[in-house]
Amino acid sequence: MAAVTELGTALRALVDASVSTAVGPEELRAAAAEARRATALLEADRRPPGRLPPLDDPVAFRRVYSPVTGVGSAVAPPLTLRGDPAGGVRAEATLGLLYEGPPGYLHGGMSGLLMDHLLGAAAIHAGLWGMTAHLELDYRGPVPLGVPLVLRGWVERNAGRRTDVAGSIAAADAPDRVLVQATGIFVTPRAEKMDAYFATVTDAAGRHTPPGRPTDATAVQP
Ligand SMILES: CCCCCCCC/C=C\CCCCCCCC(=O)SCCNC(=O)CCNC(=O)[C@H](O)C(C)(C)COP(=O)(O)OP(=O)(O)OC[C@H]1O[C@@H](n2cnc3c(N)ncnc32)[C@H](O)[C@@H]1OP(=O)(O)O
């Protein structure tokens with residue numbers, strides 16, 4: 001885990017530098033050569049989609065390469081999710097140029113990614129695992145880059161396999177001024193669909209490992 005985290009941290013610094021650099025073509029080409037060298041090292045042993053990495057724990061919902069929370073992911077901020085004393089889950093993050101949409105502000109699709117994850121995690125935190133069936137966002141104000149943000153997700157109601165969830169993004173210094181407001185419907189797939197989607201998922205040792213049961217523990221910190 002320490003090595004995965006070390007590489008993820010180094011790669012995040014690299015991709016951040018690569019989108020904010022102002023150096024010339026010579027330096028860019030030299031950096032590209034270094035990047036290709038690192039890629040060759042990593043490509044020596046790869047896993048296919050559907051085989052979880054050894055450090056993942058599908059029962060605890062730990063995913064080290066998640067594009068949102070993964071400590072090993074170059075593109076994840078990465079978020080640390082916590083249980084929110086006000087209910088649901090929350091995370092703090094300061095996002096950089098990698099995620100820029102309008103100059104100086106967060107790409108709207110990135111808000112969608114983050115909200116999808118927060119809402120899904122809020123359902124899991126409440127013991128209600130589901131896949132995103134519907135996600136709706138209202139963009140009330142642009143989300144600034146480079147300032148601390150607070151992201152929240154909470155369950156509104158649950159009926160059978162369907163869970164209605166909501167969430168928000170705000171600047172940490174103005175938490176009541178909601179910049180992005182999200183609502184979503186998460187559905188635990190019926191058994192036939194669970195089978196069809198995940199029957200071939202295995203852990204690193206090749207054992208069948210379907211996604212977590214609705215009552216499983218979560219990766220959310222207490
Ligand atoms: C993802 C695997 C994860 C594995 C391990 C996880 C570790 C995670 C760790 C940490 C936190 C994670 C956080 C993750 C967040 C991100 C999650 C995603 O990105 S999920 C990918 C995108 N979503 C899809 O690809 C779904 C595609 N859609 C489908 O496959 C089906 O539509 C599905 C399974 C969602 C529902 O199919 P049915 O056949 O099981 O269920 P039916 O009978 O259609 O619906 C059940 C009820 O829900 C309502 N419903 C379904 N879809 C609806 C919709 N779009 N709008 C409104 N209502 C809907 C229906 O009307 C019905 O309600 P009535 O029982 O009649 O009252």
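I began with the UniProt record, an unreviewed entry, which lists residues 104-164 as "domain: Thioesterase". UniProt positions are in the numbering used here, feature names are shortened, and annotations may be inferred rather than shown by experiment.

I noted the ground rules next. Residues are numbered from 1 along each chain as its sequence is written. The model is predicted, local features need pLDDT of at least 70, side-chain atom pairs count only at pLDDT 80 or more, and totals for chains, interfaces and linings use all residues.

I checked confidence. The chain averages a pLDDT (the predictor's confidence in each residue, from 0 to 100) of 92, and 95% of the residues score at least 70. Residues 213-222 have a pLDDT below 50, yet I find 31 contacts for this stretch beyond near neighbours in sequence; a contact has C-beta atoms, placed from the backbone, within 7 Å. Where pLDDT is low, the predicted coordinates should not be read in detail. I recorded ipTM 0.89 and pTM 0.92 for the model.

I looked up the make-up of residues 104-164: 30% helix and 38% strand, with the end C-alpha atoms 32 Å apart. Helices (H or I, at least four residues) and strands (E, at least two) are DSSP runs, numbered from the N terminus.

I then followed the strands, where pairing takes at least two DSSP bridges. Strand S4 (residues 149-159) runs antiparallel to strand S5 (residues 162-171), joined by 10 bridges. Leu151 stands opposite Ile169 in S5. The two strands S4 and S5 make a hairpin with 2 residues between them, and Gly160 in the turn has a positive phi of about 60°.

On to S6: S5 pairs with strand S6 (residues 180-187) over 8 bridges, again antiparallel. Here I find Val165 opposite Gly184 in S6.

Methods. Contact = placed C-beta atoms within 7 Å.
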